[in-house]
Amino acid sequence: MSGDGTAAEVLALLERRGQTLAVAESLTGGLVAAELTAVDGASRSFRGSVTAYATDLKHELLGVDGALLAERGAVDAEVARQMARGVRRALGADWGVATTGVAGPTPQDGQPVGTVHVAVAGPREAVAAAALRLEGDRAGIRGQTVRAAVKLLFSELIATAEAKDTEQHDEF
């Protein structure tokens, strides 16, 4: 399947595979979940989301390491990875997606506005992450983050399908 990686394409892939998705959001405040649930039939694959805006909730609800949060703050690639793994476990999903970053108007945890991390955790516990440096106002940064998270998930879904196809073709 080739496409732009829209929410509809992601959900169609998940449904075809019989897999599910959960989302952990910080700076996007539920916008990724809203993008996904705007698609007809989303409930066939989308399990739910956790909006862990406060740093302590990232630890308490999603299992992000407290020492990591204390040392680096919430705007960090490893925090995004742990959020993705944590929401996957907490909501019993095959896939987990996470967003964390600074939408503005002021810096956070020593990170400038536009610093964003998105991550995807898959069924094999592998986690892909992307560090972004986005420009624009608060709404623009949040919107770009939603698109980046959905596209990263789409890429990972495609990559795992291709890897599975390769594994099947290599068997004799």
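**View 1. Strand β3 is mostly covered, with seven of its seven residues buried.** This is a predicted model. Burial holds on both faces of β3. W95, V97, T99 and G101 lie on one side. G96, A98 and T100 lie on the other. In a regular strand, side chains alternate between the two faces of the sheet.

**View 2. β3 pairs with β1 in the parallel sense and with β4 in the antiparallel sense.** The β1 pairing runs over five bridges. Within it, E25 has T99 of β3 as its bridge partner. A24 stands opposite A98 in β3. The pairing of β3 with β4 runs over six bridges. A98 has A119 of β4 as its bridge partner. Strands of a sheet pair through backbone hydrogen bonds, either parallel or antiparallel.

**View 3. Five strands make an open sheet with mixed pairing.** The strand order is β2-β1-β3-β4-β5. β2 (46-51) and β5 stand at the edges. Each has a single partner strand, so one side of each is left without a neighbour in the sheet. On average, neighbouring strands of this sheet are turned by 10 degrees against each other, direction ignored.

**View 4. Helix α5 (residues 77-90) lies across β1, β2, β3, β4 and β5.** α5 runs at about 145 degrees to β3.

**View 5. Helices α3 (residues 55-62) and α5 cross at roughly 40 degrees.** Their axes come within 9 Å. α3 and α5 are therefore oblique to each other. The crossing of α3 past α5 is left-handed. From α3, the residues K58, L61 and L62 take part in the contact. They meet V79, Q82, M83, G86, V87, R89 and A90 in α5.

**View 6. The largest nonpolar core has 32 residues.** L21, L36 and L153 have the most contacts inside this core. The elements that give two or more residues are α1 (7-17), β1 (21-25), α2 (31-37), β3 (95-101), β4 (115-121), β5 (127-133) and α6 (138-170). α6 gives the most, with 10 residues. In soluble globular proteins, nonpolar side chains tend to be buried together.

**View 7. L153 touches V10, L21, W95, V97 and V120, not counting residues up to four places away in sequence.** A second, separate core has 18 residues. A22, V79, M83 and A93 are among them. V79 and M83 of α5 also take part in the meeting with α3.

Terms used: Residues numbered from 1 in each chain as written. Predicted model: local features only at pLDDT ≥ 70, side-chain atom pairs only at ≥ 80, totals over all residues. Heavy atoms only, no water. Core = buried A, V, L, I, M, F, W, Y, C linked by side-chain atoms within 4.5 Å. Buried < 20%, exposed > 50% of the residue type's maximum accessible area, 1.4 Å probe, protein only. Helix = DSSP H or I, 4+ residues; strand = E, 2+ residues; numbered from the N terminus. Contact = heavy atoms within 4.5 Å. Pairing = 2+ DSSP bridges. Axes fitted to C-alpha atoms, helices over the stretch in contact; angles between N-to-C directions. Parallel < 35°, antiparallel > 145°, perpendicular 65-115°, else oblique. Left-handed = near helix turned anticlockwise from the far one by under 90°.
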